Amino acid sequence: MSTFSIGRKVFSFASLIIGIVLTIWGLGVAIAKGGPLYANRGALMVIGVLLFILGLYLFPTLTHHRAIVNIIFLFPLLFAFAVTVIIPLVLGIGYSFTDWNGIKMKGFVGLANYARMFRQPSFLWSILITFLFVLFNMILVNLVAFLLALLCTSKIKGLGFFRASYFLPNLIGGIVLGYIWQFIFSNVVTKFTGTYSMLSDTKTAFIAIIIVYIWQYAGYIMLIYITGLNTIPGDVLEASSIDGANPMQTLFNIKIPMIAPTITICTFLTLTSAFKQFDVNLALTNGTGSVPSFLGNYLTNGTEMLALNIYSTAVINNEYAFGEAKAVLFFIILATVSIIQVRISNKKEVEL
Amino acid sequence: MKKKLMSVLLAGTMVLSLAACGETSADTATTSDNTAADAQTETQAETTAEAPAATEEAAPAAEATGSFDPVRLLNGKPEIDAQMQALAAKYQEETGNVLTVETIGGDTNASDELKKMYQADNMPDIFVIEANQADTWDGMLADLAGEDWTNKTGFELVNDSMGTIGFPYTVEATALGYNADLLKAAGVDPATLTSPAAWQAACETLDSKKDELGITAVFGWCAEPANLGWSSGTHVFGQYLDAGLKADDTTYIDLLNDGGKIDEARMKSFAEFIGMMNKYSDPALLVDGTYDLQVAGFKEGKYVFITQGNWCVTSPDDVTFECGFAPYAFEDGINTIIAGPPSYWVAYADGNVDGAKAFFNWCAGDSAQNILVNEAGLVSPFDDCQYEAINPFYKSMKSYIDAGNYSGWHTMLKKDGLQNVTCQVFADYAKGSLDADSFTSTMAQVIASYYAQ
C-alpha cells in the first residue's frame, strides 16, 4: 500500500504538467512575439513556475523529499545567479564568435575576433599597461594601507578621526573621484608647477591614475589590516616584549606572520580590483595619452586600461562582438591570475 | 509549532520573492516614463468605446478612426526636453494624436540606449540618429520619400539602400565663431578672412592689441582630448574634410572612408592653420581646458574667436556683442562654414510608420516650427519657415546658407570612434610635441591604422 493518497498523487502530477505547459506557453509567445494571451505572458510564466514548484514539493516520494525541498529553497538564488551571471557569460562567449554590432548579427566569424585582437597594437598596449598598473597598485596600495593600519593601531590621539578620514575616499564613487582629481590636476597642480597638467602626458597621467587609485583604495584595505592586527593575541606581543624584542623585530617576526591570512585577502582584493579598474580611468583621462612608437605605431590610447578598452570597443566603436571577444580574454586572464594567486598564498599560510 | 510557523513564513517569503522576480520581467515591455503614463490616460479618454488600450502593447491593435495611434519619440537633446513636451501637447491639441516624448541625455547617449531598447523589444517609433549610424539600422528604417515636408528642405538624410530616412529637425553650423565688436574695434573685417595670409595678418593685429581690446588670447581653442575630443576630433577635423567644398561634395570623406586615406597637401595646409590657432590661443585653455571655460571665456569677451558652433551661445541674453562665423581658410579662397543637421529623426519601420509620417508633416508646419525655433532656439531647416531664429549666430549662418557658401557635416560619416584617435593628435600638436609636418604624417598614420582595424 502506498503512503500517499491518490488525490495527492494526481494533484502533484497535474501541477507539474500544467506548470510546465504554462511556462512553455509563456516562453513560446514571448519568443514568437505574439499569440494567445501574449499580453499576459509574464503572469503565465510565473504561475507556471509556481505550480511546477508546488507539484515538485508534493511529489510522492519519501527518499528524495528532503533533496527536493533543498532544491526549492535554493531555487531563487540559483535563478538570480543564472539570470545575472551564467546566462550572460554563456551568451557573451557565444557573441564573441560572431559579428554582432549590438543590433544585428550577420553571421559567425569563428575565431576571427580573437585573432584580430592580438594584431591590434592599441589592445596589446592596454594589456601591458593594465599589468603594470596592477603590479604597481598591488605593492603600493598594500604598503600604504599597511602603514596606515600600523598608524591607526598605535596609541596616537584622534584615532577615530584618522580612521574615518582615511576610509572616506572609498565612499566616494569612482566617477566623482575622477572628476574631482581631474580638476585638482589640471587647475590646482598646474598653478604650482606652471606647466601643462599631469594628465596631458601619458607617463605622468599613468602616475596620476595610480595616485588617485591608492588614495581611493588604501583606506579600505587599511580597515582590513586593522582588523587583522587587532586579532593578534595580546599575550604573544607581551611575551615578545618581555623577551626584549624591539618594535622592528615585533613587526617582522610576529605581527606580519600572524596576519598572513589578511595579507592574502588584501593582495587578492587589490589585484582583482586593480585589474577591473574602469571608473577612475574613464573620468580622469578617458584613456587618452599618446605613445609615439609602440610596435611601430603611434598610439593614441596611452592610458586606456583593459576594461575601458573593452568598453570603447563595444560602445564607442560599435563593435560589440569584438568587445565581447576581448572581454572573454579579460575573464580568462582574471580567472587565471586569481586562481594562481590564491593557490600560492594558501601554501604560504600553511608554511607560516 | 514554532518550527512549522517559521517554515511557512520562509516558504512564503521565497514564493513572494519569486513572484517579485516574475512581475518585473513581465513589466519591462512597458515604459516607466511618466509621460507614457499621461499618454495612456489620454489614449483611454480618446478611444471611447474602442478596444481597451490599457497597455502599450495592446494600443497598436486599437484602430482609431481618422487619427493615428500614439507615437513615441526618443529625443537625444536633453536641453530641449521641456520644449519637446510642449510640442507634444501642441500636436495633440491640433490633431488629437498623441506624441510621447522620451528624452535620453546626460551620461547616456541615444545610440547606446537604443540598442538596449531594441534588445528589449521596446523600440520607439521615432528616434534620433547621426548620419553614420544609418548603416547600423540597415533595413529597419522607413522610407519617407514623397512626404510633403521633403519638398520644403534640402537637408533630409538620404541613404543608398533605405531611401529618404532622416527628418532634419534642426540645422547647426560650425566654423570659427567670432566676436564682431572686438574685430571692429581692432579694425579687422571678418569678410576678408578667406586666406591663410589674411588670417595671419588678423591674428598679428589682434595679438598686438591684446591689452587695448582687453582680451586674453585671439582664439578660444581647446584641444583637451579626454572630454573635448568630440570638438577637435569631429568638428575641427571636419573642416579638413569639408571646408571650401559645396554641401554635396564628398571628395575628402570618400577618400577617408576608402581605407583611411588623406590628402597630404590639404592636411598640411590645415595643419599650418591649426598651428596658427595653437600659437595665438590661451595656453591655460589649450591643453587642459574645458568646454565651460572655453564658452565662458568667449561670452566674457576674453577670446575673439571660438572653435565651436552656434550651439555654444543659444540666447541673445548670453552675449553683449554681435556674433558671426568666419571660415577656416587654411587654403586661399575657402569661404564656407559647415552647416546642416548634425542628427536626424528617423521612423522605425516596424513601428507606427503612418503615425510618424503624420507627425513629421505636422512638425514641418507653422505651429511646430514656432515652438522649435522660438522656444527651443533651434534653426529651422525648412525653406518656408517664417520665424527668425533667436540664436545670436543665426544672421551670419543665414548669410552663408543663402549665398550657398556652406559645406556638409560629412565629418559625421567617418568611421565610428575615429575622433578619439585624431583628438589625441590635435592635443599633441597643441602641446608642442608635434610640428605641422609630423602632425600631418602622424594624422595619416593613425587614421590609416584605425581604418585597418
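Begin with chain B and colour two selections: domain 1 (5-171 + 341-390) and domain 2 (174-339 + 408-452); such bounds come from an automatic or database domain assignment. The model is predicted, with local features requiring pLDDT of at least 70 and side-chain atom pairs counting only at pLDDT 80 or more, while totals for chains, interfaces and linings use all residues. Residues are numbered from 1 along each chain as its sequence is written, and chains are lettered from A and ligands numbered from 1 in the order in which they are written.

Where the two domains of chain B meet, eight residues of domain 1 and 10 residues of domain 2 form the contact (two residues are in contact if their C-beta atoms, placed from the backbone, lie within 7 Å). The side of domain 1 of chain B that touches domain 2 of chain B comprises five nonpolar, two polar and one charged residues. In this classification, Ala, Val, Leu, Ile, Met, Phe, Trp, Tyr, Cys and Pro are nonpolar, Asp, Glu, Lys and Arg are charged, and the others, Gly among them, are polar.

Next, select the strands of the open six-stranded sheet of chain B, whose order is 2-1-3-12-5-4 with mixed pairing. Strands (E, at least two residues) and helices (H or I, at least four) are DSSP runs, numbered from the N terminus; two strands pair if DSSP finds at least two bridges between them. Strand 2 (99-103) and strand 4 (157-159) of chain B stand at the edges with a single partner strand each, so one side of each has no neighbour in the sheet.

Within this sheet, select strand 5 (residues 163-168) and strand 12 (residues 344-347) of chain B, which run antiparallel and are joined by three bridges. B:Pro168 stands opposite B:Tyr344 of strand 12.

Now move to chain A, which is divided into domain 1 (3-95) and domain 2 (115-351). Taken over C-alpha atoms, the centres of these domains of chain A are 44 Å apart.

Finally, select helix 6 (residues 159-171) and helix 8 (residues 202-230) of chain A: they pack at an angle of about 120 degrees, and their axes are 7 Å apart. Axes are lines fitted to C-alpha atoms, for helices over the stretch in contact, and angles run from 0 to 180 degrees between N-to-C directions. Among the residues making this contact are A:Tyr166 and A:Phe167 of helix 6 and A:Trp215 and A:Tyr220 of helix 8. The residues of this contact divide into nine nonpolar, three polar and no charged.
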